[in-house]
Amino acid sequence: MIDRERQVLDRIERQRRRPAKVREERITLSHGAGGKATHTLIEAVFLNAFSNPLLAPLEDAARLQVGDARLALTTDSYVVSPLFFPGGDIGDLAVNGTVNDLAVSGATPLYLTCGFILEEGFPIADLTRIVASMRAAADRAGVMIVTGDTKVVQRGKADGCYVNTAGVGIIEGSGSLGVSAVQPGDAILVSGPIGEHGVTIMLARGELDIEADLVSDTAPLNGLVAELLASCSGVHAMRDATRGGVATILNEIATDAQVSVIVDENAIPVRPEVRGASELLGIDPLYVACEGRLVAAVAADQASTALAAMRAHPLGAQAAVIGRVEADQPGMVLLNTAFGGTRIVDMLVGDPLPRIC
């Protein structure tokens, strides 16, 4: 049995090592889901064209040296549907998402840009509401929106409103966070219950006859990250679990650091409402997007300190240690299930929840 398992794992690893190649002739929704198709598109098209040492790490933000200053730079686009949902809207989602990409890169977020693509006929009242939400989110996160752009396209050429943001922050000290720094023995932590944003968006569309008392977890993580880094020097890497969810982050850690990640299903915090809705939808909460949760890899001897620091912050009150990093079977993520078995947690295939961010 062990030999057969090894053969399967070796076959998977050989498949992963093949050069990335986009086999589709046209873009599909899967290319934007954050899973295998997204990673293939990035490697085969964008990295092939733009390859450089600053881009190569593929972290949530690029780290730049400008004179004596170390900066982090990130950009993101938001096409969520519906634009307004329980717990937030496209405006605060855009601000929080950009702030979080900077924060998990170890930077203090400072300034954001804001670009709007608006469809002819979009209500001014809705635009005003979105902009006010962005301003409030920026104030909460302690950042300023300092420049922007607006484009209007013909009716039917967009879906109401799309938002693009970029952000810049400053990195203090000489330390450097990154998935490549993850080591065997590290503990894997998540800052709170997973999957709330993605399930909330799906239910808000009204296409399913499912009722649940859920709101999006969208929130700025820079305060939580600052307290974590101030309390714990053993943080090796952080990622915010957006498209593709926690499962995608764990696979990125395993692949990029050439380690394996072992996760305990019983340790993963999931609200009953999210678990129930996910079962009805036929999806795994591990693959569902969050917008106010981070995954951290921390030295084992400081895991308790990191967990206490997270739980001391309101956004990390339900933080948990969910797994560990090992040297065997590099590139693999394995889940110890609630039923006592073990299964592979692979990269997301397809797009179970399109247009969630």
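The model is predicted: local features need pLDDT of at least 70, side-chain atom pairs count only at pLDDT 80 or more, and totals for chains, interfaces and linings use all residues. Residues are numbered from 1 along each chain as its sequence is written, and side-chain values use heavy atoms, without hydrogens and water.

- The largest share, 4 residues, comes from α6.
- By class, the lining has 10 nonpolar, 7 polar and 1 charged residues; Gly counts as polar here.
- The pocket's volume is about 330 Å³, taken as the space filled by probe spheres set on the grid points.
- A pocket is an open set of points on a 1 Å grid where a 1.4 Å probe fits, with protein on both sides within 12 Å along at least five of seven lines; lining residues have an atom within 4 Å of a point.

**Arg293**
- Arg293 sits in the loop between α8 (272-281) and β11 (294-298).
- Arg293 has a relative accessible area of 8%, so it is buried (under 20%, 1.4 Å probe, protein chains only).
- A polar atom of the Arg293 side chain lies 2.6 Å from the backbone oxygen of Pro193.

**Cysteines**
- The structure holds 0 disulfides (cysteine sulfur pairs within 2.5 Å).
- The closest cysteine sulfur to that of Cys161 is in Cys114, at 8.5 Å, too far for a bond.
- Cys161 is buried at 1% relative accessibility, and Cys232 is buried at 2%.

Terms used:
Helices (H or I, at least four residues) and strands (E, at least two) are DSSP runs, numbered from the N terminus. Buried means under 20% relative accessible area, exposed over 50%, partly exposed in between (1.4 Å probe, protein chains only). A polar contact is a pair of N or O atoms within 3.5 Å; within protein, one must be able to donate a hydrogen and the other to accept it, and residues adjacent in sequence count only if both atoms are side-chain atoms.
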